[in-house]
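Thanks, everyone. Let me put the model up, and then we'll walk through it.

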Amino acid sequence: MARSTSKKNKCSRGHQSPISRKKLHSSTHFGRRNYSLYVNRVLKEVIPQRGISSHTLDIMNTLINDIFERISMEACSVMCFRNRCTLTLEDIQKAVYLLLPEKLAKYAVTFGSEAVQRYVHS
């Protein structure tokens, strides 16, 4: 008997897609991080006299989570396009270059690489 020769995606490894979860009643979604504390700390380092409202913090948190999700989805697409099952630094950098404007992407990759180097050597 002839078997069907359909190619399976090498990256899927037989895992099913995650079940969609109901939205929680809190302001943050399950699985999403809250960066409000970090935004406040960075703001106080840059401009010690200024504060930020909770509504603005929620907007910043949403923005950070959205950018993170977009970069991770694009990096996953790049990884699968390269027929790999491991996400590498190059995949993330290419995703940043694809999503962000040219100058912003260059600064993001530069500062991100420096931050990783400082973390590794500390």
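First, the ground rules. This is a predicted model: local features need pLDDT of at least 70, side-chain atom pairs count only at pLDDT 80 or more, and totals for chains, interfaces and linings use all residues. Residues are numbered from 1 along each chain as its sequence is written, and side-chain values use heavy atoms, with hydrogens and water left out.

Start with helix α2, residues 54–81, and helix α3, residues 89–99. Helices here are DSSP runs of H or I, at least four residues, numbered from the N terminus. The two axes are 8 Å apart, at about 120°. Axes are lines fitted to C-alpha atoms over the stretch in contact, and angles run from 0 to 180 degrees between N-to-C directions. So α2 and α3 are oblique to each other. The cut-offs: under 35 degrees is roughly parallel, over 145 roughly antiparallel, 65 to 115 roughly perpendicular, and the rest oblique.

Who meets whom? Contact means heavy atoms within 4.5 Å. On the α2 side we have Arg 70, Ile 71, Glu 74, Ala 75, Val 78 and Met 79. They meet α3 residues including Ile 92, Ala 95, Val 96 and Leu 99. The contact divides into nine nonpolar, no polar and four charged residues. Nonpolar is Ala, Val, Leu, Ile, Met, Phe, Trp, Tyr, Cys and Pro; charged is Asp, Glu, Lys and Arg; the others, Gly among them, are polar.

Next, α3 against helix α4, residues 102–121. Axes 8 Å apart, angle about 155°. That makes α3 and α4 roughly antiparallel. Gln 93, Val 96 and Tyr 97 in α3 meet Ala 105, Lys 106, Ala 108, Val 109 and Ser 113 in α4.

Is Asn 65 buried or exposed? Buried, at 7% relative accessibility. Buried means under 20% relative accessible area, exposed over 50%, partly exposed in between, with a 1.4 Å probe and protein chains only. Beyond its neighbours within four places in sequence, Asn 65 contacts Arg 32, Arg 33 and Tyr 35.

Last, the aromatics. There are two pairs. Tyr 35 and Tyr 38 are tilted, 6.3 Å centre to centre, 55° between planes. Rings of Phe, Tyr and Trp (its six-membered ring) pair with centres within 6.5 Å; planes under 30 degrees apart are stacked, over 60 edge-to-face, the rest tilted. Tyr 35 is buried at 18%; Tyr 38 is partly exposed at 39%. Tyr 107 and Phe 111 are stacked, 6.2 Å and 20°.

Note on methods. Helix = DSSP H or I, 4+ residues; strand = E, 2+ residues; numbered from the N terminus.
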